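Trainee: I'd like to learn how to read a structure like this. Could you walk me through it?

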Amino acid sequence: MSTSPIDSAQAASDLLGALGEQLAARGEHYTLAVVGGSALLALGLVSRATRDVDVLAIVNGDELLSAQPLPTALAEAAHTVARDFGLADDWLNPGPASLLELGLPEGFAERAQHHDFGPGLEILFASRVDHIHLKLYATVDQGAGKHLADLQALAPSERELLDAARWSRTHDPSDGYRDELTRVLAHFGVDDGRLGP
Amino acid sequence: MDVSALNRRLSDQLVAFAWDEWAQMGVLASPHRRSPWAQDPEALIVFTLEVARAEPRLFDELLDWMLANEPLLSVRRLRAMCIDETDRSLTAAALAWLAHERPRAQLGARTDKTAPSTPQALFRPEIQLGAPDEAFASAGWLRPALSPSHKSRPPDPMAPINLAFRLRQILGVGIRAEVVRVLLTTEAPWVNAQTLARSTGYAKRNVHDALAGLSVAAVVSAFTVGAEQRYVADRPAWAALLGSEPDELPAHHDWPQLLAVLRRLLRWSAQPDLATMSGYLRASRAGDLLEAVSGDLAFAGIPTHSSRSPEDVWHNLEEICERLLKVIGVGDAPISR
């Protein structure tokens with residue numbers, strides 16, 4: 001199985017459109033909250049290629065539910081799309097689902113951008129502001145690389161970074177995390193003195 | 001090529017193929033070629049019962065041929081060649097008609113289940129019905145009453161295509177004739193019981209028993225490699241018995257698999273809802289089909305490729321169709337004579 005990259009907003013849209021068709025053909029409908037590279041591509045915020053679509057949550061009305069594991073019908077439809085487009089079988093995955101347990105930035109759902117992909121699928125793409133939160137946390141937690149590159153591409157303001165930093169401390173209040181956070185903020189020219197204790 | 005064009009091409013080519021095969025096997029028609037292979041009669045019958053729904057004359061001549069040559073056929077193998085309910089229902093209808101025409105026929109119908117409550121038209125396009133044929137109606141198919149033409153002849157035992165019938169005359173209608181046919185025609189240096197079971201449509205255990213008997217009779221050699229028993233036929237000795245040279249024995253094709261895949265492709269491409277689907281969903285359904293037939297294709301020596309895009313899936317489907325048509329000697333490819 002190849003791992004064809006999702007390298008444009010159109011490619012992301014084609015894949016999600018195909019997933020929507022598969023779900024509709026099965027008489028299913030899902031609303032998914034999506035973050036990461038594919039969401040940034042779809043929103044036109046970055047232009048780097050990615051190999052997967054990260055599902056943060058299954059949306060049920062006002063509730064965000066864990067996407068871990070993906071519901072059977074959704075997983076089967078994703079498997080068919082993977083076969084049709086020559087993608088890795090985990091191209092749609094609940095990798096970031098654990099973020100839900102520790103809490104999302106306040107107002108996440110209201111800021112998300114809704115996109116319909118036919119009668120079978122609706123996607124809530126995390127907003128730019130929320131991606132700044134998630135990418136800052138990922139940069140500090142997992143190291144630089146694609147997360148830092150994405151964060152730079154989002155061109156966050158000092159205030160946005162400080163808001164994101166405060167939120168990320170609720171996920172990891174350790175001293176080690178704080179030290180690394182200070183270094184990342186400094187990289188963006190932000191003094192963490194305004195961050196508080 | 002769109003799906004309706006693909007269906008037309010398949011239907012036209014498969015009808016032409018079936019006419020040519022049956023013309024060499026005793027149906028009253030002029031063959032346009034001499035097939036170099038040994039045909040599998042039951043696999044071809046089940047195949048033709050579907051293909052000839054677009055060619056009523058071929059359908060009726062096939063039934064006439066079955067009536068005339070019924071002692072040469074195996075009802076067990078006919079049933080073994082069925083891959084779905086449509087096959088089973090068409091075969092049951094044919095057997096019911098035979099039983100009606102010749103009540104003591106060994107192929108007489110053993111009704112496995114009741115006919116569906118809503119009978120469907122047998123032929124495409126639908127033919128105006130006077131009085132429907134009772135035997136077919138009992139199996140759920142509507143067609144005009146069928147009387148045998150009595151034009152069919154016994155198969156010419158010397159024609160390569162009819163090796164199966166010749167072996168059945170020598171060994172009887174049963175598993176031994178089928179095992180020997182495959183062993184004599186295959187290009188493989190040896191064959192195991194599992195492969196022979198798939199090629200003949202019999203259970204592996206029964207194939208194993210038949211091979212044991214043929215080995216004791218010293219007309220088939222068995223040898224063991226690792227945990228596997230392998231079998232070869234003494235081709236020179238069999239060729240001498242058949243009045244042929246070893247290298248003149250007919251060719252082998254995995255007819256049960258090839259004809260089953262072609263039948264599935266034909267039925268799939270005839271689905272009316274495909275025309276109203278999006279291009280992506282139609283290609284995806286083609287992907288489902290290719291996935292479902294990949295095992296039979298691999299067994300028949302036809303590889304399939306994984307796809308990188310929906311367009312690729314459709315291209316693969318068209319390519320598989322053309323390769324299959326080439327294997328059976330129709331389409332653009334000239335057949336070796």
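This is a predicted model: local features need pLDDT of at least 70, side-chain atom pairs count only at pLDDT 80 or more; totals for chains, interfaces and linings use all residues.

Mentor: Here is a tour, one feature at a time.

Trainee: Fine. What does the secondary structure of chain A come to?

Mentor: Counting helices and strands is a handy way to begin. In chain A you get 9 helices and 6 strands.

Trainee: And what does the radius of gyration tell me about chain A?

Mentor: You set the value beside what a compact globule of that length would have. For 197 residues that would be near 16 Å, and chain A has 17 Å, which agrees. Along its principal axes, the C-alpha trace of chain A spans about 55 × 35 × 25 Å.

Trainee: How many of the contacts in chain A join residues at least 24 apart?

Mentor: Take the contacts between residues at least 6 apart in sequence. In chain A, 70% of those join residues at least 24 apart.

Trainee: Which domains is chain A divided into?

Mentor: There are two entries to look for: domain 1 covers 9-126 and domain 2 covers 129-189. Their centres, taken over C-alpha atoms, are separated by 24 Å. Then look at where the domains touch: 11 residues of domain 1 of chain A are in contact with 13 residues of domain 2 of chain A. On the domain 1 side, that touching set has 8 nonpolar, 1 polar and 2 charged residues.

Trainee: Which residues is Tyr137(A) in contact with, leaving aside its neighbours within four places in sequence?

Mentor: Those are Ser168(A) and His171(A). Look at Ala165(A) too: it is 28 residues from Tyr137(A) along the chain, yet 7.5 Å separate their C-alpha atoms.

Trainee: Now chain B. Which domains is that one divided into?

Mentor: Chain B has domain 1 (3-142), domain 2 (160-248) and domain 3 (255-327). Between the centres of domain 2 and domain 3 of chain B there are 31 Å, taken over C-alpha atoms.

Trainee: How do I describe two helices packed together?

Mentor: You use the angle between their axes and the distance between the axes.

Trainee: How many residues of chain B are in contact with chain A?

Mentor: To read an interface, count residues on each side, then ask which elements supply them. Here, 12 residues of chain B are in contact with 12 residues of chain A. On the chain B side, the elements giving two or more residues are helix H13 (279-299) and helix H14 (310-327). H13(B) gives the most, with 5 residues. The chain B side divides into 5 nonpolar, 6 polar and 1 charged.

Trainee: What about the backbone? Where are there cis peptide bonds?

Mentor: Check omega. From Gln68(A) to Pro69(A) the peptide bond is cis, with omega near -5 degrees. Pro69(A) sits in the loop between strand S3 (63-66) and helix H3 (72-85) of chain A. In chain B, the bond from Arg124(B) to Pro125(B) is cis, with omega near -5 degrees. Pro125(B) is in the loop between strand S1 (120-121) and helix H6 (134-138) of chain B.

Trainee: And what is the phi of His150(B)?

Mentor: Phi is another backbone angle to check. His150(B) has a positive phi of about 60 degrees, although it is not a glycine. His150(B) lies in the loop between strand S2 (141-142) and helix H7 (163-171) of chain B. With 9 other C-beta atoms within 10 Å, His150(B) is exposed.

Note on methods. Residues are numbered from 1 along each chain as its sequence is written. Chains are lettered from A and ligands numbered from 1 in the order in which they are written. Two residues are in contact if their C-beta atoms, placed from the backbone, lie within 7 Å. Helices (H or I, at least four residues) and strands (E, at least two) are DSSP runs, numbered from the N terminus. Ala, Val, Leu, Ile, Met, Phe, Trp, Tyr, Cys and Pro count as nonpolar, Asp, Glu, Lys and Arg as charged, and the others, Gly among them, as polar. Domain bounds come from an automatic or database domain assignment. The radius of gyration is taken over C-alpha atoms; the globule rule is 2.2 Å times the number of residues to the power 0.38. A residue is buried if 20 or more other C-beta atoms lie within 10 Å of its own, exposed if 12 or fewer, and partly exposed in between; C-beta atoms are placed from the backbone.
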